[in-house]
Structures are given as structure tokens and as C-alpha cells.
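Here is a briefing on one protein model and its ligands. Have the sequence and coordinates open while reading.

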Amino acid sequence: MAVGYNNVDVEAATRNGIAVGNTPGVLTETTAELAASLSLAAARRIVEADQFMRAGLYDGWLPHLFVGNLLKGQTVGVIGAGRIGSAYARMMIEGFKMNLIYYDLYQSTRLEKFVTAYGQFLKANGEQPVTWKRAATMEDVLREADVISLHPVLDKTTYHLINPERLAIMKKEAVLVNASRGPVIDEVALVEHLKANPMFRVGLDVFEDEPYMKPGLAEMKNAVVVPHIASASKWTREGMASLAALNVLGKIKGYPAWGNPNLIEPFLKEDATPPAACPSIVNAKQLGLPSSKL
Ligand SMILES: NC(=O)c1ccc[n+]([C@@H]2O[C@H](COP(=O)([O-])OP(=O)(O)OC[C@H]3O[C@@H](n4cnc5c(N)ncnc54)[C@H](O)[C@@H]3O)[C@@H](O)[C@H]2O)c1
Ligand SMILES: O=C(O)[C@H](O)CO
């Protein structure tokens with residue numbers, strides 16, 4: 001069960017009349033929160049400092065001990081401003097008063113409106129307003145942002161989206177976070193970049209050859225690594241299980257596909273019968289499945 005389905009050959013499934021279900025929506029905030037946690041952990045060197053403390057190396061406050069990056073007033077870059085990317089952007093903007101630069105194939109009007117409104121709120125309170133920019137190219141995001149989080153789907157257009165050339169244009173003290181899919185980053189190139197740029201930091205939830213890391217990554221102090229736990233909250237995992245089970249049940253019962261897979265709340269109510277529909281079938285259109293009325 002997952003929202004990402006890059007590991008499924010949807011074309012082959014469609015050719016064989018097989019419906020492919022996924023679990024959108026219930027992972028959005030949970031995954032965005034983990035990306036925000038990785039951003040903070042990398043920017044403020046939390047894991048390094050924790051290891052230092054546990055090793056008994058702390059012998060008193062020092063002005064230069066584990067100095068990291070301040071987020072307030074800096075720029076957060078989001079590549080892939082869909083459900084999760086937009087939720088992450090809102091957290092970083094509202095939580096840390098960061099400015100936004102994003103790159104997506106589509107305009108995220110709702111996100112832009114949110115930043116504009118929040119900027120006006122800050123201004124009205126005598127504070128520096130936050131700003132947003134939709135970048136014309138991914139390179140613009142990489143050049144300008146202080147913290148960059150990757151949230152696109154994995155496909156041919158996003159495989160090794162972060163490569164040696166693009167790493168080279170990022171700020172030397174940037175923070176890069178990936179809670180999308182491992183192969184979005186060329187991990188061998190990333191290890192080399194981390195070695196050459198000790199102030200560059202990453203927070204990774206996903207890896208190119210999961211469950212393995214590329215040689216050298218585990219030794220890098222400027223990398224925070226966690227084992228694909230972005231959706232690991234109880235509410236989310238229960239929600240994913242419910243949506244997956246209701247997709248299967250819906251197919252068995254011959255129900256239509258739900259009209260708007262971004263609006264899955266009716267399937268999650270504990271005290272009500274779920275709608276007679278499959279919550280999210282990604283190849284519903286291609287299979288010619290009927291769509292339920294909302
Ligand atoms: N680490 C985890 O546990 C975890 C959890 C949930 C989702 N994910 C991953 O996150 C991905 C995104 O999930 P979502 O629910 O936000 O999906 P979504 O479809 O809402 O958002 C994906 C966005 O990526 C954009 N995009 C596609 N190709 C692009 C490109 N070449 N350049 C820039 N943007 C591009 C799309 O336009 C879309 O806005 C999933 O497909 C999955 O791979 C990982
Ligand atoms: O795509 C997904 O849903 C995740 O990778 C699993 O949580």
C-alpha cells in the first residue's frame with residue numbers, strides 16, 4: 001500500500017484489465033512533517049550533536065559548538081509542489097517565515113494564495129512579509145534556495161533529477177531533503193558532493209538501492225538518514241490500510257471509481273459506512289471504469 005506507484009507497470013496492468021489502486025491524501029501531512037523534521041535535523045545538526053552528547057564528548061558550552069543554519073527569512077525551495085510538496089512548503093513558510101521558490105510542471109495557485117495571504121498577515125503585524133516565486137527552471141530553485149525538498153513522482157523526467165551538474169549550482173551551505181523516491185537523486189554523486197562540501201547537508205528518507213545506501217553515505221556526518229518512515233504515523237498507516245482494503249472490496253463488489261481521489265475523507269469516517277466506490281484507482285480512465293458521483 002502506497003500513494004507512489006512507480007514500482008507498478010501500470011501500462012501492463014491496464015493491458016491485462018487489472019486495476020491499480022493507491023492511497024492518496026492520508027500520507028500528505030505525515031510525509032510533509034517528516035520532510036520538515038529532516039530539514040530541521042540537517043539544518044541544526046541534531047543527529048551529529050546527539051551522537052556527540054551520547055559519546056560523552058560534551059564538556060561545556062562553546063560559541064561555535066554545532067553551529068548550523070537559521071531558517072527564518074531564508075528561502076525554501078520545493079521541487080514537485082503537489083499534495084506533499086505544498087503541505088511541506090506551508091509548514092516551512094508558516095512555521096519558520098521562509099520565502100518560497102518552487103518548480104512544478106503545473107502552477108500551484110492555492111499555495112501561491114496561501115503565501116500571499118500569510119505575507120499580508122505578517123506585514124499587518126509589522127513583520128517582514130514572506131514571498132513566493134514560481135521558478136521557470138529547476139536550476140533557478142537550486143541556485144536560490146537555502147533548503148530544498150524534493151516531492152515529485154518518480155518517472156523518466158525525474159530520474160537522477162539531482163545530478164553532479166545540479167549539485168554544483170547549489171549553495172555550499174544548502175540543505176537538501178528527499179522524501180520522494182531514492183532514484184530522484186544520483187546517490188553516488190551526492191556522496192562525492194557531501195565529501196567535498198562539509199557544510200552542505202542532506203536529510204534522506206529514501207535511497208537509490210533501497211534498503212541499501214551507496215558506499216560512503218553512512219560515514220557522512222553531514223547526512224541524516226532514516227529508513228523510509230515518512231508515512232509512519234498510526235493515523236496514516238491505518239488510513240492507508242483502509243483505502244487499500246476499500247479499493248479491493250470495491251473491485252470485488254463492482255463499485256465505480258471515486259470521482260475525486262484527492263477527497264478521500266468520506267472513506268475514513270469511523271462512525272459511517274464508506275461510499276460504494278473504489279477510493280483511488282490510478283488507471284480507472286484507461287480501463288473505462290465508471291466514475292461515482294460525489
Ligand atoms: N517517503 C515516503 O514514505 C513517501 C510517502 C508518500 C509519498 N512519497 C512519494 O512522494 C510522491 C509525491 O506524492 P504526492 O501525493 O505529493 O503526489 P502528487 O501527484 O500530488 O505530487 C507530485 C507533483 O510532482 C510534480 N511533477 C511531476 N513531474 C515533475 C517534474 N519533472 N518536475 C517537477 N515536478 C514534477 C507533479 O506535477 C505534481 O504536482 C509520491 O509519488 C511518492 O513517490 C513518498
Ligand atoms: O509512496 C508511498 O506511499 C510511500 O513511499 C510509502 O509510505
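T273 sits in the loop that runs between helix 9 (234-253) and helix 10 (284-287). The model is predicted. T273 counts as exposed, because its relative accessibility is 72% and the cut-off for exposed is over 50%. T273 and L111 are 162 residues apart in sequence, and their C-alpha atoms are 33 Å apart in space.

**Loop residue N163**

- N163 is in another loop, the one between strand 4 (147-150) and helix 7 (164-169).
- Its relative accessible area is 18%, and buried means under 20%, so N163 counts as buried.
- The side chain of N163 has a polar atom 2.8 Å from the backbone nitrogen of R166.

**Chain as a whole**

- The chain holds 10 helices and 7 strands.
- It has 294 residues, and 46% of them count as buried.
- A compact globule with 294 residues would have a radius of gyration near 19 Å; the chain has 21 Å, which agrees.
- The C-alpha trace spans about 65 × 50 × 40 Å along its principal axes.

**Annotated spans**

- UniProt, in an unreviewed entry, lists residues 38-230 as "domain: D-isomer specific 2-hydroxyacid dehydrogenase NAD-binding".
- In the model, residues 38-230 are 35% helix and 15% strand.
- The end C-alpha atoms of residues 38-230 lie 10 Å apart.
- UniProt also places "domain: D-isomer specific 2-hydroxyacid dehydrogenase catalytic" at residues 1-255, again from an unreviewed entry.
- Residues 1-255 are 41% helix and 11% strand.
- The end C-alpha atoms of residues 1-255 lie 20 Å apart.

**Ligand 1**

- Ligand 1 is surrounded by 26 residues.
- The closest are R83, I84, D104, T157 and D205.
- By class, the shell around ligand 1 has 12 nonpolar, 10 polar and 4 charged residues.
- An oxygen atom of ligand 1 is 2.9 Å from a polar backbone atom of I84.
- A backbone N or O atom of G82 lies 3.4 Å from an oxygen atom of ligand 1.
- A nitrogen atom of ligand 1 is also placed for a backbone pairing, 3.1 Å from a polar backbone atom of A179.
- Ligand 1 exposes 870 Å² when taken alone, and the protein buries 89% of that.

**Ligand 2**

- The residues around ligand 2 are A2, V3, G4, L27, R181, H228, S231 and M240.
- By class, this shell has 4 nonpolar, 3 polar and 1 charged residues.
- The side chain of R181 has an N or O atom 2.6 Å from an oxygen atom of ligand 2.
- A polar backbone atom of G4 is 2.9 Å from an oxygen atom of ligand 2.
- Taken alone, ligand 2 exposes 230 Å², of which the protein buries 85%.

**Points to check on screen**

- Which residue contacts ligand 2 through an N or O atom in its side chain, at 2.6 Å? R181 does.
- Is N163 buried or exposed? N163 is buried.

How values were computed. Residues are numbered from 1 along each chain as its sequence is written. Chains are lettered from A and ligands numbered from 1 in the order in which they are written. This is a predicted model: local features need pLDDT of at least 70, side-chain atom pairs count only at pLDDT 80 or more; totals for chains, interfaces and linings use all residues. Side-chain values use heavy atoms; hydrogens and water are left out. A residue is near a molecule or strand if one of its heavy atoms lies within 4 Å of it. A polar contact is a pair of N or O atoms within 3.5 Å; within protein, one must be able to donate a hydrogen and the other to accept it, and residues adjacent in sequence count only if both atoms are side-chain atoms. Accessible areas come from the Shrake-Rupley method with a 1.4 Å probe; for residues, only the protein chains shown count as cover. Ala, Val, Leu, Ile, Met, Phe, Trp, Tyr, Cys and Pro count as nonpolar, Asp, Glu, Lys and Arg as charged, and the others, Gly among them, as polar. UniProt positions are given in the numbering used here, feature names are shortened, and annotations may be inferred rather than shown by experiment. Helices (H or I, at least four residues) and strands (E, at least two) are DSSP runs, numbered from the N terminus. The radius of gyration is taken over C-alpha atoms; the globule rule is 2.2 Å times the number of residues to the power 0.38. Buried means under 20% relative accessible area, exposed over 50%, partly exposed in between (1.4 Å probe, protein chains only).
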